[in-house]
Amino acid sequence: MWQYLTVIVILVLCLFLIGRKIHRQFKLATDTRNKTGCGCDCSGCSSPACTPEHQIKKVK
Amino acid sequence: MNQTIRMALAGNPNAGKTTLFNTLTGARQHVGNYPGITVEYKEGVFTHQNREIILTDLPGTYSLTAYSVEEVVTRDYLVNERPQVVIDIVDASNLERNLYLTVQFLELGCPLVVALNMIDVAKDRGIVVNPEKLSALLGAPVVPIIARNGQGTQTLVEQAISQIDRQWHPRDISYGEDLDAVIMDMIALVTNQNLLTSTYPPRFTAIKYLEQDDQIRQKGSQEDSATASLLEQKVTQISDHLQKTMDAYPEAIIADHRYGFIKSILRQGVQTHNFDTDRLYASDKIDKVLTNRLLGPVLMGMILLGLYHTTFSWSELPVSWLESFFGWLSGQADSLLPDGPIKSMLISGVIDGMGGVLGFVPLIMLMFLGIAVLEDSGYLARVAFMMDRIFRVFGLHGSSVMPFIISGGIAGGCAVPGVMATRTLRSPKERLATLLTVPFMNCGAKVPVIALLIGTFFSENKAMYMFFFTLLSWVVALLAAKFLRLTVLKGAATPFVMELPPYRFPTLRGLAIHTWERTWQYIKKAGTVILGISILIWAMMSYPELPAQRKADYERQRQEVMAAADPALVAESESPTETVSEKAQALRQQITAIHRQESEQALRHSMAGRIGLAMEPISRLAGFEWRTNIALVGGFAAKEVIISTLGTAYSMGEIDPDDSESLAQRLINDPHWNQVVAVAALVFIMFYAPCFVTVVCIAKEAGHWGWAFFSVCFNTLLAFLLAMAVYQIGSRMG
């Protein structure tokens with residue numbers, strides 16, 4: 001039984017995270033004023049718009 | 001912290017804006033040695049002498065007239081956001097052309113600092129620029145810099161800060177007697193009627209009317225149609241007059257005078273040539289060979305083939321190590337964990353699903369390294385230049401080539417920035433035709449899927465097949481574009497001029513950063529999104545479970561087989577030793593067959609199995625069985641999911657816990673897969689519906705969800721017809 005409960009918790013977590021990801025991607029990609037981009041996370045995505053704001057470091 | 005300063009970074013394409021942006025902010029925005037990298041603006045923050053500076057990197061543009069989206073974005077940002085200072089980055093080795101934009105900034109009147117970039121390249125070409133003299137003549141500070149290594153950038157920031165309190169002060173340039181007179185009239189009209197004066201200087205508005213700037217004319221009409229109409233009349237009158245007297249339009253005369261203004265500046269000792277100006281630069285010499293009409297395409301083919309050959313041959317060993325590692329991990333999990341759903345999820349969902357994607361990390365890494373070399377050296381721009389000739393035949397614009405390459409034209413790109421890069425196209429129909437066909441390229445997510453199928457079924461000539469499938473992606477994309485241009489997107493072609501950046505030696509650091517960032521993105525995506533989707537797909541493949549009655553039936557069948565056999569034989573067949581007698585081996589096979597049947601029935605009974613089976617009557621025409629269907633449906637979320645789903649599906653069908661073979665071996669052993677099915681699957685995967693994010697981007701860029709829907713349907717239908725043709729013809733040919 002504990003195995004089934006653990007699997008259910010993991011599945012709910014996955015659904016939540018994937019759902020949130022899709023929602024964010026959808027929001028980013030459809031927002032015409034967005035400056036930080038599609039958030040597709042693709043390895044080949046060289047889009048300057050694909051860099052999340054938190055990755056822009058503050059220097060000095 | 002003192003006040004926050006807002007600075008904007010502008011300049012011609014490929015002048016080094018993004019490099020300077022990265023140097024100043026410490027960001028790692030993508031920099032490519034080809035024009036058109038920045039299609040919308042982005043912001044970064046850094047501090048200088050305890051002051052926070054917000055730096056905005058604007059798209060590269062040659063002018064401030066609304067001919068293209070970049071020009072509109074840049075101009076709108078400057079007039080609407082009013083940055084406190086604009087850093088205009090100019091290429092010191094192409095000063096005359098770069099100063100054309102500078103002159104327009106001066107006409108706009110924004111506080112300006114000129115960053116004289118690539119002084120090292122200019123020096124190599126024998127060009128010496130006198131920044132003090134240039135500064136005095138332009139009336140704005142000029143700072144020599146090398147953005148790549150940061151030389152001069154601190155002085156640049158200090159000079160920029162010194163300009164922040166300056167008021168906007170437009171500079172007047174004479175456009176000849178005729179135009180100057182009409183400009184004065186128009187300025188008076190604009191000023192008296194307050195037409196757009198809150199946004200643009202009156203002289204700037206007048207000049208843009210003369211340049212037939214659609215956006216300004218539209219805004220003018222919306223704000224005050226009567227005044228706008230008067231301005232239009234004046235433009236028509238002067239245009240007619242100039243046409244009669246000089247056989248030229250106002251736009252051409254304005255451009256001539258701007259260049260005249262620039263030439264007069266350069267001739268005053270600002271720029272001197274140490275070498276003969278006719279001397280062929282090294283880049284030009286290399287281009288004579290690499291972009292030769294006949295030799296160029298041959299060399300391009302050889303370079304691509306070399307890239308694929310190196311990638312496949314060098315990655316073979318590390319890929320096999322990773323396969324062995326995941327096989328070992330699977331075995332460990334199997335022996336350590338108790339039977340149950342967690343064990344199944346870990347082995348089939350996580351290790352075989354995500355592990356299948358991670359196993360290709362060495363191949364992806366080498367592919368990205370090769371592409372980074374081509375990109376940083378400037379060769380990709382030459383590829384675009386050579387492809388331009390072909391593109392025109394298929395009704396596409398020369399500017400369409402770069403979006404294709406960004407999307408994975410050489411393999412390993414991404415369709416999302418490719419779709420966004422179509423903004424450089426001015427004709428809406430050419431732009432739509434491009435953004436609907438760029439998803440046909442082999443993006444970074446498709447590469448591991450293609451590599452898996454090629455490596456599994458065509459292991460002898462992997463590089464050659466990769467080259468073939470790359471060519472196929474271009475051919476299909478161009479034919480689809482031609483079809484669209486002849487049907488739903490009919491229209492005339494527009495002219496195109498392409499700038500070829502000089503060749504540069506890629507730096508080791510640059511290559512390492514580009515390669516690692518893309519590889520890390522791949523690993524990160526596999527460990528997050530793909531992992532999550534793999535687990536969900538595992539659940540869809542596991543539930544609902546077979547009814548207890550059917551499970552009991554299979555158990556009964558096993559018991560019956562055991563009961564009918566000699567107890568000694570049963571004991572021998574259940575022993576862990578591999579070498580057993582023939583009879584014991586036959587018993588093992590009988591039990592295994594029942595297990596296999598049960599596993600397959602359980603999979604078919606699951607939610608994913610039912611979806612895959614429902615699609616099978618149609619997908620069979622292209623040779624795809626239900627497990628492949630599930631993987632292809634999953635691929636709509638992200639193409640890497642195809643591998644993880646196949647990994648999970650074939651792992652769950654596996655009944656021998658000790659047999660931890662790779663996905664490639666499982667596919668080879670599966671009776672549903674062969675070379676013909678593999679080619680049909682490859683064709684379908686390359687051309688069917690773009691991933692979810694790309695579809696949303698198409699809707700955004702096309703301005704209508706209808707085009708996104710069209711893209712999904714058109715691509716899937718085309719892909720299926722092609723895959724079906726491959727399978728049907730291939731099967732009949734044996």
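**Reading charged side chains and a helix contact**

Mentor: Arg217(B) has a relative accessibility of 21%, so this residue counts as partly exposed. Please bear in mind that the model is predicted.

Trainee: Which residue meets the side chain of Arg217(B) in a salt bridge?

Mentor: Side chains of opposite charge can pair when their charged atoms come close. Here the partner is Asp214(B), at 3.6 Å from N to O.

Trainee: How many residues apart in sequence are the parts tied together by Lys234(B) and Asp185(B)?

Mentor: Their side chains form a salt bridge at 4.0 Å, N to O. Lys234(B) belongs to helix H10 and Asp185(B) to helix H7, so the pair ties together parts 49 residues apart in sequence.

Trainee: Is Lys639(B) buried or exposed, and what is its nearest side chain of opposite charge?

Mentor: Lys639(B) is buried, and the nearest side chain of opposite charge is that of Glu640(B), 9.1 Å away. A salt bridge requires the nitrogen and oxygen to be within 4 Å, and Lys639(B) has none. The residues it touches include Ala445(B), Val449(B) and Tyr688(B).

Trainee: At what angle do helices H8 and H11 of chain B pack?

Mentor: The angle is about 125°, with the axes 8 Å apart; the two helices are therefore oblique to each other. Ile207(B), Lys208(B) and Leu210(B) of H8(B) meet residues of H11(B), among them Ile254(B) and Arg258(B).

Methods: Residues numbered from 1 in each chain as written. Chains lettered and ligands numbered in written order. Predicted model: local features only at pLDDT ≥ 70, side-chain atom pairs only at ≥ 80, totals over all residues. Heavy atoms only, no water. Axes fitted to C-alpha atoms, helices over the stretch in contact; angles between N-to-C directions. Helix = DSSP H or I, 4+ residues; strand = E, 2+ residues; numbered from the N terminus. Parallel < 35°, antiparallel > 145°, perpendicular 65-115°, else oblique. Contact = heavy atoms within 4.5 Å. Buried < 20%, exposed > 50% of the residue type's maximum accessible area, 1.4 Å probe, protein only. Lys, Arg positive; Asp, Glu negative; His and termini not counted. Lists of a residue's contacts leave out its neighbours within four places in sequence.
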